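Subject: Structure handover

Hello,

Here is the structure I promised to pass on. My notes follow below it.

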Amino acid sequence: MLRSALSVRSLLRRRLWWLAILFGLWGGLCAAQTRPDSGDSLATRVDALIDARHKGPVAPPADDADFLRRVYLDFTGRIPTASETRSFLDDPSSEKRNALIDQLLDSSDYPRRMSDVVHVMLMERLGDHEEWRRFLRISFEQNRPWNEVVRIILFPDPQDDQTRGSAFFFTKRLEKYGQNPVDLPGLTRDVGRLFLGVDLQCAQCHDHLFVDDYTQADYQGLYAFLAHTAIRRDTDFPAIAENLVTGRTEFMSVFTQEPNATGPRLPGGEEVEVLTFEPGDEYVQPPDRNTKFPGTPKFSPLAILSAQLPAAENPAFRRNSVNRFWFLLMGRGLVEPLDLHHSANPPSHPELLDLLADEFAAHEFNVKWFLGQLARTKVYQRSSRMPGADVIPADRYQVAIERPLSAEQLLRGMLIATQHDAPPPSDEPHDEGPDPFAEELEAFQAAFAAVPREPELQFAPSVKAALFLLNNPLVLSWLEDQPGSLVATATARDDAQVAELVYLSVLSREPTVEERQEVIDLMKEAGHARARTIGSLVWALLASTEFCLNH
């Protein structure tokens, strides 16, 4: 993207033009023991494999301001403060980027950011629960291996108060709506999509019509792991039960009408033998009618699923995992769409996907290490601007791919920019208390988040989102001349200092010479409306494409 030259007068006098711009934006768009040195070979090997596929020009490295804002948004979910920006830009060290990556990965903001990311990725705005959030936050605070996180989700332990909230992944999907039956097929589809990268929905009643790799037996085998799952009604926290399995799952193609059956089986894997027991001997812990405890069967398909699916030996799990984390930082998966891994839809860089999958497993699925390595690559640190170049396919990664900010990033970015929130101390754990901006977050999610059950991979077009920034009293209140606010601080500055403070605070960069002079001229014309004029300037920058994109 070419950074648009912001004409201050135009921004302030023609707000409806910014509404159109914004609408166009929405439419287009075990803990680690040691961290490897910045010269670890993975980043180098990643760049070599990417560079080998280049055709045509390659964008230069992002400047310090763009890199700073990008890595803050990706690892903390917020923009840097003006003082953090000033400090980084003034630092002459050649190692400051690597040092910043380490600093942010170790910050108290990182677990919250990753909790937001994984919550949206796995729950797809279906709902939220404080115990689920606590499980995610603790997992990233402890840098719990990713395969362990998934194992816990697939087989929650109700006795562990730190992880029992993981059952929300199941319980929310097992809720019954109206007269509809429990959506076990939908749960099966989600487990396949989100953890294996295969969308088997269209293989439920017959082999997939367009993807030869996806068979009905694959779907039914995965379904057999999940078909006996139910919500427990004897707890006040998310918990699941498993009903007794009495035999193999029977199915029939609507085309061939030939009866078939399968036990639990991962796609492409071997069938698990269904174990049955004599009446009265089926449970490790029998049901209790008085307490409504559903019992614990001796044969647990979920226990087997949690052991087999996130195993290091499972290539589908490894490849899907790194593809999604790559997407998180690069804006595009090596396999697109993310949940359609199959032989007719190969990755853009097959050798790279295999390398990342193997290294992720070799490093015990250490998410913090993996993200740190990706952030050190040239491909992550490229500029998103390449003036004069023809359109280049995004799957070649020759220029950084712009990404719309999530509802959570927009809120926290605006709070930081307007000085209505301060980042927590980097050396202190994240406060486990209630979010002081929970009400604001709910409003931002209503305006900017995707609709439930819609993967949040691109931002859907929305007039509501544009109008929210244009007119919402909540946002406009942050632009008033209040003690401690950006507007108040800037109002007290000299004319020559206003531009630098506002641009550092909102856009995480210094203003250009032209922008600086325009603000000086504007301040001279403002007279007694100085604070109101600065508030309008801050609003215009917050509503700009430059602020609303991770570029």
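This is a predicted model: local features need pLDDT of at least 70, side-chain atom pairs count only at pLDDT 80 or more; totals for chains, interfaces and linings use all residues.

Next, the helix pairs.

H12 and H13. Helix H12 covers residues 216–226, and helix H13 covers residues 301–308. Their axes come within 7 Å and cross at roughly 120°. An angle of that value makes H12 oblique to H13. On the H12 side, the contact uses Leu-222, Ala-224, Phe-225 and Leu-226. They meet Pro-301, Leu-302, Ile-304, Leu-305 and Gln-308 of H13. The contact of H12 with H13 counts eight nonpolar residues, one polar and no charged.

H17 and H18. Here the helices are residues 407–417 and residues 438–448. The axes come within 8 Å, with a crossing at roughly 130°. H17 is therefore oblique to H18. The crossing of H17 and H18 is right-handed. H17 brings Ala-407, Glu-408, Leu-410, Leu-411 and Met-414 to the contact. H18 brings Glu-440, Leu-441, Phe-444, Gln-445 and Phe-448. Seven of the residues in the contact of H17 with H18 are nonpolar, one is polar and two are charged.

Please also look at the loop between H17 and H18, where Gln-419 is found. Phi of Gln-419 is near 65°, a positive value in a residue other than glycine.

H23 and H24. Helix H23 spans residues 513–526, and helix H24 spans residues 530–542. Their axes come within 9 Å and cross at roughly 145°. The crossing of H23 and H24 is right-handed. Which residues make the contact? From H23 they are Val-519, Leu-522, Met-523 and Ala-526. From H24 they are Arg-530, Thr-533, Ile-534 and Leu-537. The contact of H23 with H24 divides into six nonpolar, one polar and one charged residues.

One more backbone item. Where is the cis peptide bond that joins Glu-336 and Pro-337? Pro-337 lies in the loop between helix H14 (315–330) and helix H15 (350–362). Omega for the Glu-336 to Pro-337 bond is about -10°.

- Gln-419, for its positive phi;
- the cis bond between Glu-336 and Pro-337.

Over to you.

Best wishes

Notes: Residues are numbered from 1 along each chain as its sequence is written. Side-chain values use heavy atoms; hydrogens and water are left out. Axes are lines fitted to C-alpha atoms, for helices over the stretch in contact, and angles run from 0 to 180 degrees between N-to-C directions. Helices (H or I, at least four residues) and strands (E, at least two) are DSSP runs, numbered from the N terminus. A crossing is left-handed if the near helix is turned anticlockwise from the far one by less than a right angle, and right-handed if clockwise. Contact means heavy atoms within 4.5 Å. Ala, Val, Leu, Ile, Met, Phe, Trp, Tyr, Cys and Pro count as nonpolar, Asp, Glu, Lys and Arg as charged, and the others, Gly among them, as polar. Angles under 35 degrees count as roughly parallel, over 145 as roughly antiparallel, 65 to 115 as roughly perpendicular and the rest as oblique.
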